[in-house]
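Biologist: Here is a model I would like to go through with you. I want to hear which criterion stands behind each label.

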Amino acid sequence: MGIPDSMGLFAVAINFVPQILFYISHTLFFNISKKFKNPFETIEENYKSVSFIVPVRKEPLEYVEKLLEYVEGFNLPQYEVIIVSDDDEIVKEELFKKLHEWRSRGFNAWLVWRRRPIGFKSGALNTGLYASIGEYVFPLDVDCRPEKCLLGKSMGLMEKNPSVIGVVGRWEPLDLRERLSQAVGLTMKAVVEILFKGRSALGLSVFPLGTGTVFKSKPLKEELKGWDINKIQDDMEIGCRIIGKGYRIEYLDNCKAYVEVPSTYKSLRIQQSRWAYGATDVAMSRFKNLMTSPQKPIGKIEALTFLLQYLPAMLTFFGTIMLATLSLITRKDYIMKYYFVFATWVVSQGLYGYALYSKINSVLNNRWDTVVNIGRNAAVAVALTPYLSWSMLKALLRLKIPYKRTPKGIFERVESRARIPVEFITGSALFTVSIYLLLTGGVLTGLWVMLQSLGYLYVSYRWPDSVFKC
């Protein structure tokens with residue numbers, strides 16, 4: 001085997017093998033999740049004092065007020081809402097006036113303004129944590145709408161089991177009216193449910209979610225010393241340390257936490273780039289916490305896999321470019337040459353596709369809409385790979401990045417300047433290469449490159465304002 005063929009095999013391997021492992025593992029969890037029986041379904045609700053911590057920065061003021069109205073509707077016996085603002089002084093004054101109105105009505109809400117917003121979202125959470133007096137803390141984004149039972153049952157569960165210091169509710173998309181939010185929201189719902197039910201069915205601890213997780217306050221303050229302000233991904237980071245210390249985070253399937261999903265491609269790009277960096281950074285910095293934790297070996301492996309969930313996307317991006325370049329130079333169809341790898345990918349992708357289809361169709365109850373949403377989400381996932389790859393590389397190189405909040409509400413659609421349309425350029429280049437490969441006999445490699453190019457071109461066509469403007 002010559003050097004070009006060795007490089008071709010390597011390109012095929014990094015392109016398809018990580019995806020195969022991803023699809024197989026998620027398919028297994030899909031089947032395992034069917035055996036999930038919620039042991040906490042009959043747990044009695046027990047309402048103790050709770051502190052809602054709401055970090056805000058450039059959030060629409062109406063979102064804050066709607067959250068306060070929602071919490072007020074719980075009619076809790078002991079509670080406080082701590083708004084931690086990293087906004088400028090003008091916004092701070094608006095928030096203060098609004099909260100003053102609420103406090104005059106007897107609503108227990110407080111504003112903490114950070115003149116120097118150190119530590120990203122984690123720093124804001126720590127500020128709220130150490131200012132809180134509740135026995136439990138519930139970090140909330142302004143767009144999260146948890147069911148009341150998530151509070152009561154979480155407290156009831158943690159009161160009975162000292163080893164449990166966090167309870168995650170069932171993640172649900174809040175608004176599915178837009179094409180993008182529907183495709184992404186339904187897929188995220190399916191994946192989260194598969195993984196959380198699967199891990200719970202195996203007796204493993206789950207990771208907390210950034211919003212929708214209730215914590216015991218005391219161990220967070222005294223043992224864990226709050227969130228790590230040097231980490232962007234607050235939920236995964238603290239989850240690693242909780243698991244590493246032998247504590248558990250349980251999944252409560254019968255109580256939901258509704259969360260808004262980005263409705264523009266620009267917002268999704270910002271969100272996913274931050275998550276890709278944050279998850280990779282946590283995988284490297286908290287590797288020891290996971291490997292020395294008292295959980296089962298399968299739990300350690302799966303937890304690390306969860307943190308490295310963006311790795312297949314990065315390898316597919318680089319693998320596709322490498323395959324296209326090698327095939328142009330050598331005029332060889334490397335996917336055809338190593339067809340057995342591609343055939344395995346087809347089978348594993350089909351099995352995983354069926355799992356996703358089953359989950360999403362159970363919500364939509366429409367076969368065509370289900371297929372369309374899966375295809376749309378796949379196209380978006382492809383278009384995001386350059387950004388995910390760049391974010392992961394920066395994390396691997398230990399480069400620091402600024403924290404960018406996901407735009408919400410009016411901030412999702414603000415006027416912006418022109419940008420280099422990476423998606424359109426990449427899609428056009430790959431499509432051109434794929435045509436050449438098909439005309440010169442590189443059938444499978446050409447079809448693969450074309451399939452990838454269509455994802456970029458679809459996103460460029462469907463959401464041009466997010467592709468050609470930043």
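This is a predicted model: local features need pLDDT of at least 70, side-chain atom pairs count only at pLDDT 80 or more; totals for chains, interfaces and linings use all residues.

Modeller: Residues are numbered from 1 along each chain as its sequence is written, and side-chain values use heavy atoms, with hydrogens and water left out.

Biologist: What makes E65 and K98 a salt bridge?

Modeller: The term requires a side-chain nitrogen of Lys or Arg within 4 Å of a carboxyl oxygen of Asp or Glu. For E65 and K98 the closest N and O atoms are 3.4 Å apart, so the pair qualifies. E65 lies in helix α2 and K98 in helix α3, so parts 33 residues apart in sequence are tied together.

Biologist: Why is K98 called buried, and why is E65 called partly exposed?

Modeller: Buried means under 20% relative accessible area, exposed over 50%, and partly exposed in between (1.4 Å probe, protein chains only). K98 has 18% relative accessibility and therefore counts as buried; E65, at 21%, therefore counts as partly exposed.

Biologist: How do you know that R286 and E237 form a salt bridge?

Modeller: Their side chains meet at 3.0 Å, N to O. R286 counts as buried because its relative accessibility is 15%, and E237 because its value is 0%.

Biologist: Why is D281 called buried?

Modeller: Its relative accessible area is 4%, so D281 is buried. D281 forms a salt bridge with K231, the closest N and O atoms being 3.4 Å apart.

How values were computed
Helices (H or I, at least four residues) and strands (E, at least two) are DSSP runs, numbered from the N terminus.
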